[in-house]
Amino acid sequence: MKELVVISGKGGTGKTSVVAAFASLAGNKVLADCDVDAADLHLILQPKTHSVHEFRSGNEAVILQEACTGCGACLVNCRFGAVKQTSGVDVEWMLRASAHACDDCDFCVRSCPNRSIDMIHAMQESYGDADRATFVIDPLSCEGCGVCVDTCPAKAIQFPERIAGEWYLSDTRHGPMVHARLGIAAENSGKLVSLVRQQARQLALEQGKDLILIDGPPGIGCPVIASITGATMVLIIAEPTLSGQHDFQRVTELAHHFQIPAYLCVNKWDINLNLTETIEKCAVQFGVQALGRIRYDKDVTKAQIQGENILEYSKNGIAADVRDLWQQVISAISDKEYVSSMNANMAL
Ligand code: SF4
Ligand code: SF4
């Protein structure tokens, strides 16, 4: 089994369009969309999903209102502003006021391990019959650090695993596909990418597929590392701009670092021939072979609007570029050994 990952130094270079077109050309394969932060391969391939699975990662704090005493320690101790007060005396105001009201007698330090709690209690008493304050935690702001859980004197904060997204097993008109969606403000996309690859590999083994065709994430961060480690080869899609040249260099260095054979294709090469040639020369210096060029063509957008890949929409021009590129990819990947990334990904 081989794994081909199509990546780029940044989003918007056309890698998903290339993967969608390759989906028509590759035979016995599983498709995987590892761009879990902004998945869009499904917009072209329109998969029919037959199983949905939760992706759990990290933890989030949840206040048990029946156990909470309203002391305000969680509000004071959360450095991410995730705790919100919903009723009762204004604890935040009291905290500000306490800076002026404090006589610096150190009574609170001597009598309580948490100076802030003691000050709040003192201020509450000084304000007479204040209502009990209530608090909630904003799940979008909670970073899952656990500080409030450890410091709540009433042990009123639970810390369940966070549902950070979903992953899907689907069928498309070009074969089975594994894809995912990271939740809003959720982290650990590298872990979800590893999960998608793992599931794609399992599916390929079960169904006797010999290729996993992966739409990789943009950039050079953790999700990209998770998508390329142990892959058979990466195809870098670059665009002929100055930033595109820089992005190409960065992502090539990343591929070299993880010893993944890397190849280049310049997309929309005809919008700037000079820069296309510069990037291809740069590729030679990095020991990266250019496998082809794809011209600029408005048909790409028209095809996307119709939910088709460029080969389904058009037979000539850019479609010929993509076919030529695929032939070069086949001959490049057939030389390469597959190295399972299972162990490398486990560490992420
Ligand atoms: S620290 Fe605990 S008891 Fe105090 S307000 Fe927060 S949840 Fe309630
Ligand atoms: S877990 Fe950390 S970030 Fe979340 S509410 Fe508690 S202290 Fe704030």
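1. Cysteine 78 is buried, at 18% relative accessible area (buried is under 20%, exposed over 50%, partly exposed in between, with a 1.4 Å probe on protein chains only). Cysteine 282 is buried too, at 6%. The disulfide count is zero, taking a disulfide as a pair of cysteine sulfur atoms within 2.5 Å.

2. Some housekeeping: this is a predicted model, where local features need pLDDT of at least 70 and side-chain atom pairs pLDDT 80 or more, while totals for chains, interfaces and linings use all residues. Residues are numbered from 1 along each chain, chains are lettered from A and ligands numbered from 1 as written, and side-chain values use heavy atoms, without hydrogens and water.

3. On to ligand 1. Around it are 13 residues, of which Cys68, Cys71, Gly72, Cys74 and Cys152 come nearest (near means a heavy atom within 4 Å). By class, that shell has 10 nonpolar, three polar and no charged residues.

4. The whole structure has two aromatic pairs (ring centres within 6.5 Å, using the six-membered ring of Trp; planes under 30 degrees apart are stacked, over 60 edge-to-face, the rest tilted). Phenylalanine 22 and tryptophan 326 have centres 4.7 Å apart and planes at 50 degrees, so this pair is tilted. Phenylalanine 22 sits in helix α1 and tryptophan 326 in helix α14, so the pair ties together parts 304 residues apart in sequence. Phenylalanine 22 is buried at 0%, and tryptophan 326 is buried at 7%.

5. For phenylalanine 248 and phenylalanine 286, the centres are 6.4 Å apart and the planes at 85 degrees, so that pair is edge-to-face. Phenylalanine 248 is buried at 1%, whereas phenylalanine 286 is partly exposed at 23%.

Notes:
Ala, Val, Leu, Ile, Met, Phe, Trp, Tyr, Cys and Pro count as nonpolar, Asp, Glu, Lys and Arg as charged, and the others, Gly among them, as polar. Helices (H or I, at least four residues) and strands (E, at least two) are DSSP runs, numbered from the N terminus.
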